[in-house]
Each structure stands twice: as structure tokens, then as C-alpha cells.
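Subject: A structure for you to explore

Hello,

Here is the structure I promised to pass on. Please have a look at it first, and then read my notes below.

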Amino acid sequence: MPETQTKQVVEVGYGGNERLMMNMGPQHPSSHGVFRMILTLEGETVVAVDAVIGYLHRCHEKLGETLTYVQYPSIASKTDYVAAMTSELAYVSAVEKIGKFEVPRRAQYLRVVAAELQRIASHCLWLGTWCLDMGGALGGGATVFLYCIREREMVLDRFEELTGARLLYGFHQIGGTRYDAPPGWDKKVRETVDFIEARIDEYEAMLDDNTFFRVRTQGVGVISRELAQEVGVSGPLIRGSGVSYDVRRAEPYSSYQDFDFVVPVETAGDCYARYRVRMVEFRQSIRIVRQALDGLPEGPISSRPGVKSVGQVRVPKGEGYTRVEGARGEVGCYIVSDGGPKPYRMKWRGASFSNLAVLPHIVPGHKVADVVAIMGSVDPVFGEVDR
Amino acid sequence: MILPPAAWHAIEAFIVLNALLLLVAYVTLLERKFAARMQSRIGPYYVGRPHGWLQPIADALKLMMKEDIVPTASDRWVYNLAPIVFLVPCLLIFATIPFAPELGVADLNIGVLFFLAVSSLEIVGLFMGGWGSNNKYALLSAMRAVNQIISYDLPFIFAALVPVLLAGSMQMSAIVAAQQGLWFVAYPVVGQLAFLAFLVATLAAENRVPFDILEAESELVAGFRVEYSGMKFALIQLGEYAHMLGTSFLGALLFLGGWLGPGPAALGPVWFLVKAILIFLVVTWVRWSFVRIRVDQILAISWKLLLPATLVLLLATGLVVAVRGPGGG
């Protein structure tokens with residue numbers, strides 16, 4: 001926000017249009033991590049927003065250049081720590097693309113199961129925190145939050161059985177997956193998704209026709225189709241704005257072409273549309289998980305031998321970009337290889353980073369209370385924004 | 001020993017005040033347990049097993065021992081006075097509430113008026129806190145508070161005046177006596193509508209979700225009390241819960257027949273308490289079920305819907321009373 005503008009308006013004096021600069025974040029209950037918004041307010045109305053990012057910068061891209069192909073996948077999960085599986089998948093797919101490593105079909109299916117369970121877990125957290133933003137820690141929002149966390153916990157239990165970890169997995173490796181599904185795991189996963197499906201009905205019953213929820217979300221934070229395409233948002237945001245774009249459908253990876261699923265599209269572009277898109281995605285993810293478990297092929301889980309030394313994987317000279325559909329949108333990974341055990345250069349395309357860029361376009365004109373509702377509906381994860 | 005009547009009143013007030021503070025403390029435990037059940041958890045448990053019955057005491061002790069911080073840039077006098085100015089009207093409202101016939105500090109003949117007048121005074125302390133803190137969040141919250149409480153006091157008063165009209169008196173005990181045959185909540189049409197309006201206005205007047213925009217911790221962190229700590233914070237919290245409890249008592253008196261109920265007359269205070277807690281729990285239930293609505297939407301509900309509706313209701317009640325005469329039944 002240019003300083004001169006603010007000063008100029010304050011001198012105007014009475015008239016109800018004096019401006020107030022308010023700092024929201026980086027430490028704020030609804031900043032979803034560490035995000036700073038400098039709001040310029042006229043009364044309760046936001047006239048300008050200045051978004052400041054970078055509080056969680058951890059040199060991820062530089063780390064990618066100093067760590068080997070074997071080491072980095074478990075670090076990759078720390079970019080988007082709420083949906084760690086998809087960032088790992090983006091990294092290993094890029095390496096596999098450059099090195100033309102084959103991935104066995106069983107590994108591909110396991111990757112799909114992991115990615116879709118991750119989407120369910122991530123959306124659970126999104127719904128909970130979003131309602132927390134709108135309803136407050138001392139209100140109905142906390143109730144929804146605790147329900148959602150209860151369901152997310154079940155998915156994390158399944159991940160713990162699969163990989164031994166609950167948040168950052170290190171499940172993927174170049175050429176396949178590191179762990180195979182333990183005996184009986186698929187049955188447990190089926191029970192989990194059945195249970196969660198029933199719970200999603202409950203969330204919808206609680207929120208869909210809830211007048212208070214609707215007045216807070218409908219018509220708030222409208223992203224037009226044009227704006228969405230111009231800014232380059234992806235994931236539920238662009239699908240909520242009437243563009244049917246999903247990487248799983250547009251450019252299938254990891255045998256997504258085998259599965260039958262619907263890409264939900266809403267045209268309103270407001271917070272409620274994004275909510276609807278994500279609620280349908282919940283069910284579609286459950287559908288994909290079931291199909292993948294039904295058709296889970298037998299065979300090896302990796303085309304390459306198990307990891308023995310960190311310099312084990314060498315990739316020929318070349319470069320490659322892959323993208324996967326993360327829970328928040330398109331997660332891209334670009335790698336330039338010089339033939340050694342480490343990338344020469346790597347670059348992340350974080351879905352949250354691009355989605356967050358839409359905030360200054362849609363927030364002005366809304367009330368302070370809407371700012372947090374819009375922020376929550378964008379669902380940023382700041383590990384992925386700042387990297 | 002014979003004491004002058006004033007001394008008796010002082011002793012009475014002292015007992016009521018202390019019983020009340022204890023009740024307020026335990027109402028917080030009740031709310032926490034109730035909310036915990038709604039959210040499929042257990043709530044306070046370890047402090048005073050089983051089920052954390054010592055938790056309110058522990059909370060109070062903790063707050064007493066906390067460091068009291070006064071921001072350097074604050075308006076010291078206003079900042080330090082605000083919790084007291086906020087708390088006093090919240091406790092004063094109990095002066096006119098009789099807990100049974102002849103059991104109360106003062107059964108004024110304008111009891112309802114006194115209650116309504118004093119309970120609106122809390123806004124002064126609230127605004128002082130928001131202003132004196134010299135914090136932008138607190139200031140915004142104080143602005144919202146003035147907006148909201150002024151908007152909702154009118155429907156609140158109109159809704160509370162319906163039983164007054166029906167009973168033909170502003171004296172609390174007279175209103176209860178008028179409900180001997182029929183509680184006003186059961187009075188055809190006007191009684192139910194007035195009770196509903198009363199509940200909605202109560203939510204807003206007490207700053208509970210979905211109308212808790214002045215606290216709004218996800219937007220304004222903690223609203224007007226963001227800078228308060230230690231005992232000053234405790235006073236504000238105490239005032240808020242006392243106000244809530246007082247309003248529940250008022251609702252029980254005006255609509256649910258106060259201490260009337262089956263059994264011997266000695267059970268009256270118990271019935272009264274049960275009814276008040278019931279209203280409190282309904283408010284809590286709403287609080288833990290809904291998301292908060294926006295400040296402009298809150299004002300729109302008040303001025304466009306609730307205020308005209310309660311006004312019409314009051315006129316209708318006047319008509320009913322003119323035709324049927326005062327009193328329930």
C-alpha cells in the first residue's frame with residue numbers, strides 16, 4: 001500500500017471515510033500459518049489489501065539442488081505439509097520423466113490411493129479450519145473443526161500403517177513406492193472411506209441449508225472466470241469459477257485414465273461454490289480409492305532396487321516438468337539435471353502460491369469478516385507458498 | 001441484636017452476590033461440558049476428578065496469579081476502569097430478581113424497567129475497554145459493540161415488555177403471580193412469538209455466536225479485551241457470564257413462570273434455577289451450532305426484521321389485553 005495515499009485520505013477529516021491501516025498477521029488466529037495482510041479499512045469495509053508472504057521461506061528449491069534424488073522426496077513432503085503425498089509425487093514424477101524410469105502398475109495404483117486419501121485428509125482440514133475462521137474457536141466453527149479432525153485422524157492412521165509416519169511420509173521413491181500395502185490394509189481403507197462418506201453426508205446436512213453458513217459464503221469473494229484464468233488459479237478455485245480443469249483429467253498421470261470420476265464444476269465463483277466443489281471432490285476421491293483398491297494389480301512396487309546409498313539414483317542430462325493435481329490445485333515440479341546424483345536446478349510451482357495471488361483482486365469491497373472467509377475458502381498452506 | 005433494615009439489605013446483597021459469583025463460575029463449567037458433549041469430547045476432567053468439578057476454581061486462581069499488563073500507549077484511567085464499569089451493571093441486574101416470593105434483594109415495583117435500563121449500561125464499560133486499550137482490533141470491536149447493542153436493546157426491550165403488558169405490572173413477583181394459571185410462553189401466539197424474539201435478542205445482547213462479532217476471535221483476535229490480562233480479563237469474563245445468567249433468569253421470570261412448578265412451595269427456587277439453566281443451555285446450544293454472521297447482516301436483521309416485528313407484537317399484545325383483560329389463563 002503506498003503510504004502517500006493513506007496520509008492524504010486521513011487529512012480529509014470527518015465524513016466516515018477516514019482510513020485505518022490494520023495489520024492482520026503474520027501471527028493472527030486465522031492467518032493459516034504465517035501470512036500477513038495489511039488491510040486498509042474504511043469503517044468495516046476493506047478498500048485495499050497488501051499481501052506479504054515469505055515468513056516461512058526455507059530455501060526449498062536450493063535444498064533440492066543440494067540433496068540427492070534419493071534424499072529429497074521426504075523433504076518434498078514439507079512444501080505442502082497438509083497434503084504431503086502429492087508434493088512427493090510431483091517430485092518423483094519429474095525425475096522419472098527425465099530418466100524415463102518405468103513405474104510398475106502396482107506402484108502407480110498405490111500412488112493413486114495415497115494421493116486420493118491425502119486429498120480427503122486435506123479437505124477435512126480445510127473444512128474444519130474454514131468453519132473455524134467463520135464461526136470462531138468459541139462457536140459452531142469449533143464444532144465442525146473437531147468433527148473434521150476426527151475424520152482426518154482416521155486417514156492419518158491408515159497412512160501410519162502404510163508408511164509409519166502421520167504427516168510427512170517419504171512414501172514415494174524414484175521408480176515406484178518405498179512401502180507396499182501391509183496385509184489387510186485395503187480392507188481397513190475401505191472401512192475408513194465408507195465411514196467418511198457417511199460423515200460427509202452429516203457435514204452437508206449441517207452446512208448446506210444452514211442459513212448462517214449460506215449468508216456468510218454466498219456472493220462472497222466472487223472470482224470471475226476471466227480473473228481465474230488470468231491470475232492462474234487452479235484446483236477447486238478454478239473449478240468453482242466455471243472452468244472444468246483438472247490435471248488428473250487434462251493430462252492423466254499415474255494411470256488416472258483407468259478410473260472413472262467426475263470433475264465437479266460450479267459457475268458462481270463465490271465461497272459457496274468452492275465449498276460445493278470440494279464436497280463433491282470428497283466423494284469422487286472416495287470413488288477413486290475404491291476403484292484403485294478393486295483393481296490393485298499384483299507385482300513389484302518399484303522398478304528400481306531398494307535404497308542403499310544416497311547417490312544411488314543418477315539421472316541423465318535433461319530437464320522435465322510434471323504436474324499433479326494436489327488438494328489445493330496444480331502442483332508442478334521442474335527439474336534440470338546435469339547427469340549427477342542431484343538436480344542442477346529445481347523449481348516448485350505451488351498451487352497455494354498462485355491461488356493466493358487472487359486475494360488482492362477479490363478482497364477489496366468486502367467487510368473484515370469476509371476477509372477471513374475468503375482466505376479460508378482459498379485454502380492456502382504457507383509451506384507451499386513460501387517454500 | 002437488632003440491626004437497622006439497611007444492614008439487613010447489605011447482608012442479603014452480600015450473600016446473593018457471593019452465591020451468584022459461585023453460580024457464574026459453575027455455569028462456565030456447565031457450558032464447557034455441554035459444548036464438549038456436542039463436539040464428541042469430554043471436556044474438563046482432570047482438575048477435580050471426576051469431570052473437573054474444580055476447574056472453575058482453578059481457572060479463577062490462575063487468572064488471579066497472571067501478570068497484569070497495562071499497555072504503555074493505553075489511556076490508563078479508561079483502560080483500568082473499564083472492567084469495573086463493565087462488571088457493575090452486570091451484577092446489579094440481580095438486585096431486582098426475586099428467587100422465590102419474598103426471597104431477593106429488592107422486589108422493585110419497576111423491576112423489569114430497572115433490569116433493562118441497567119443491563120444496557122454494560123456498553124459503556126465495553127466501549128471504554130475498546131477505546132482505552134489503544135489497539136486497532138479493540139477499537140473496531142468497540143465500534144461494533146456500540147452498533148450491535150444499541151440495535152438489539154430495542155427488540156430486547158419490546159420483547160420483554162410483552163409479558164409486562166400481559167401481567168399488567170412491572171414488578172417481577174407480580175408478573176410471576178400473573179402466570180399462575182398459564183405461563184406466558186404458553187399464551188396463545190403472542191407469548192410464543194415474544195419468547196422467540198426474546199431468545200434471539202438475548203443471543204445478540206449477550207454477544208453469543210452467531211452474534212459474537214465483538215469478540216470475533218478469528219477476525220479481531222479477542223475484540224475489545226485483546227489487551228486485558230489477569231484479573232481484569234477475569235472481571236470482564238465474569239461480567240459477561242453474569243449478564244448471560246441474569247438474562248436467563250429474566251427469561252425464566254417473564255416467560256416460564258419463575259418459581260411456579262409442581263411440588264411444595266419450598267421447591268420454588270429450584271424450579272426457577274432449572275428454568276434459567278434451561279434457557280442458558282438453549283443459548284449455548286445455538287452458540288456451538290452456528291457460524292458467526294457479519295456485522296452488516298446483524299444490523300439488517302435487527303432493524304429490518306426484529307425491531308418491526310417486536311413492535312407489531314407489542315401492539316398486538318396491547319390489543320389482546322384490551323379485549324381479554326390482563327393476566328394469564
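Let's start in a loop: A:Ser254 sits between helix H11 (247–250) and helix H12 (271–294) of chain A. Helices and strands here are DSSP runs (H or I of at least four residues for helices, E of at least two for strands), numbered from the N terminus.

Before going on, please note that this is a predicted model, in which local features need pLDDT of at least 70, side-chain atom pairs count only at pLDDT 80 or more, and totals for chains, interfaces and linings use all residues. Residues are numbered from 1 along each chain as its sequence is written, while chains are lettered from A and ligands numbered from 1 in the order in which they are written.

Most residues other than glycine have a negative phi, and most peptide bonds are trans. A:Ser254 is not a glycine, yet its phi is positive, near 45°. Is this residue buried or exposed? A:Ser254 counts as buried because 21 other C-beta atoms lie within 10 Å. The rule is that 20 or more other C-beta atoms within 10 Å of a residue's own make it buried, 12 or fewer exposed, and anything in between partly exposed, with C-beta atoms placed from the backbone.

A:Lys100, also not a glycine, has a positive phi of about 50°. You will find A:Lys100 in the loop between helix H4 (84–99) and H5 of chain A. This lysine, A:Lys100, has 10 C-beta neighbours inside 10 Å, so it counts as exposed.

In chain B, look at the peptide bond between B:Arg49 and B:Pro50: it is cis, with omega about -10°. B:Pro50 belongs to the loop that links helix H1 (5–38) and helix H2 (55–65) of chain B.

Strands of a sheet pair through backbone hydrogen bonds, either parallel or antiparallel. Two strands are taken as paired if DSSP finds at least two bridges between them.

One open sheet of chain A has three strands in the order S1-S2-S3, with antiparallel pairing. Strand S1 (19–24) and strand S3 (45–52) of chain A have a single partner strand each, so one side of each has no neighbour in the sheet. On average, neighbouring strands of this sheet are turned by 20° against each other, direction ignored. Axes are lines fitted to C-alpha atoms, for helices over the stretch in contact, and angles between N-to-C directions run from 0 to 180 degrees. Seven bridges hold the antiparallel pair of strand S2 (residues 36–42) and S3 of chain A, and A:Thr40 has A:Ala48 in S3(A) as its bridge partner.

Strand S7 (residues 330–337) and strand S8 (residues 343–349) of chain A share six bridges. S7(A) and S8(A) form a hairpin with five residues between them, and A:Gly339 in the turn has a positive phi of about 95°.

**Where the chains meet**

How many residues of chain A are in contact with chain B? There are 30, facing 24 residues of chain B; contact means C-beta atoms, placed from the backbone, within 7 Å. H6(A) gives the most to this side of chain A, with six residues.

Enjoy exploring!

Best wishes

Definitions and conventions:
Contact = placed C-beta atoms within 7 Å.
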